Amino acid sequence: MFGMIRNSLFGGTESCPLQVLRTGAKDDVPYEERVYDAGKYAVVEVTGKPFDEASREAVLQLLKYVGGANQTGAGMGMTAPVTITAFPAEDGSLQQRVKVLLRIPSRFQEDPPVPTESSIQIEERERVTVYSTQFGGYAKEADYVAHAAKLRSALGEEATYQTDYYYCNGYDPPMKPYGRRNEVWLVRKD
């Protein structure tokens with residue numbers, strides 16, 4: 001637990017490698033089209049719980065892992081963002097299923113420490129292109145749903161993207177009260 005707290009308070013945060021392809025805005029909704037590099041991620045899936053509760057539970061497990069709850073006891077440091085895969089229901093609300101991803105820091109990409117918790121899996125993720133919009137505050141399910149709808153509206157017919165899931169992203173530790181950064185990503189279909 002101390003490793004997790006030390007990581008959050010004193011560790012540096014590494015950003016996921018990306019390239020911005022283009023920027024745009026429509027109806028006061030700014031957005032970017034970005035490409036994120038492939039890499040290894042620590043992943044936790046939680047089902048049967050509301051989005052906010054499931055997300056908190058999964059994020060806590062991942063923070064423990066990068067804080068030293070792994071077979072080598074390595075405090076790895078943080079990466080940003082923490083990415084929550086959201087699965088929309090027919091009515092636009094989110095299903096009781098989340099898949100939370102945290103990119104393994106660069107110096108551990110080749111050989112990530114083995115998690116001590118069986119709920120954490122290490123996955124190789126492919127390069128992905130997303131449409132992203134940003135907003136502030138402490139984000140909850142309703143915020144992500146609303147901003148995903150705004151991004152869809154801003155993109156209109158000019159973009160094709162996955163409709164069975166999207167990504168909800170947080171960049172800041174919970175103890176940061178101001179200047180918080182959250183994003184919604186729609187995954188481009190190629």
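# Reading the cut-offs in a predicted fold

Modeller: Let's start with two strands, β4 (residues 39–47) and β7 (residues 94–103), which pair in the antiparallel sense over seven bridges. The model is predicted, so local features need pLDDT of at least 70 and side-chain atom pairs count only at pLDDT 80 or more, while totals for chains, interfaces and linings use all residues. Residues are numbered from 1 along each chain as its sequence is written, and side-chain values use heavy atoms, leaving out hydrogens and water.

Biologist: What makes β4 and β7 a pair?

Modeller: Two strands pair if DSSP finds at least two bridges between them. One of the residues involved is E45, whose bridge partner in β7 is K99.

Biologist: Which order do the strands of the sheet follow, and why are β2 and β8 called edge strands?

Modeller: The order is β2-β3-β9-β11-β10-β6-β7-β4-β8, an open sheet of nine strands with antiparallel pairing. At the edges, β2 (18–26) and β8 (121–125) each pair on one side only. From one strand to the next, the twist averages 30°. The strand names come from DSSP runs numbered from the N terminus (E, at least two residues; for helices, H or I, at least four).

Biologist: What does helix α2 touch, and how is α2 directed relative to β7?

Modeller: Helix α2 (residues 51–66) packs on the sheet and touches β4, β6 (82–88), β7, β8 and β10 (166–170). Its direction makes about 20° with that of β7. Contact means heavy atoms within 4.5 Å, and the angles, on a scale from 0 to 180 degrees, are taken between N-to-C directions of axes fitted to C-alpha atoms, for helices over the stretch in contact. Helix α3 (residues 141–155) lies across β2, β3 (29–36), β7, β9 (128–135), β10 and β11 (182–187), at about 50° to β11.

Biologist: Why is the contact between E57 and K49 called a salt bridge?

Modeller: The rule asks for a side-chain nitrogen of Lys or Arg within 4 Å of a carboxyl oxygen of Asp or Glu. The closest N and O atoms of E57 and K49 are 2.3 Å apart, so the pair qualifies. The structure holds twelve salt bridges. R22, E33, E158, R188 and D190 are linked in a network of them.

Biologist: What makes a set of residues a nonpolar core, and which members of the largest one touch the most others?

Modeller: A core is a set of buried Ala, Val, Leu, Ile, Met, Phe, Trp, Tyr and Cys residues joined through side-chain atoms within 4.5 Å. The largest has 38 residues, and F51, L155 and Y166 touch the most other members. Helix α2 gives the most to this core, with seven residues. Apart from it lies another core of 13 residues, including C16, V43, V130 and Y171.

Biologist: Why is the ring pair of F51 and Y144 called edge-to-face?

Modeller: Rings of Phe, Tyr and Trp (its six-membered ring) pair with centres within 6.5 Å; planes under 30 degrees apart count as stacked, over 60 as edge-to-face and the rest as tilted. For F51 and Y144, the centres are 6.0 Å apart and the planes at 70°, so both conditions hold. F51 lies in helix α2 and Y144 in helix α3, so the pair ties together parts 93 residues apart in sequence. F51 and Y144 are both buried.

Biologist: What about the rings of Y167 and W185?

Modeller: Their centres are 6.1 Å apart and their planes at 90°, so this pair is edge-to-face. Y167 is in strand β10 and W185 in strand β11, 18 residues apart. Ring pairs link Y36, Y165, Y167 and W185 into a cluster, and the count of aromatic pairs comes to five.

Technical notes. Buried means under 20% relative accessible area, exposed over 50%, partly exposed in between (1.4 Å probe, protein chains only).
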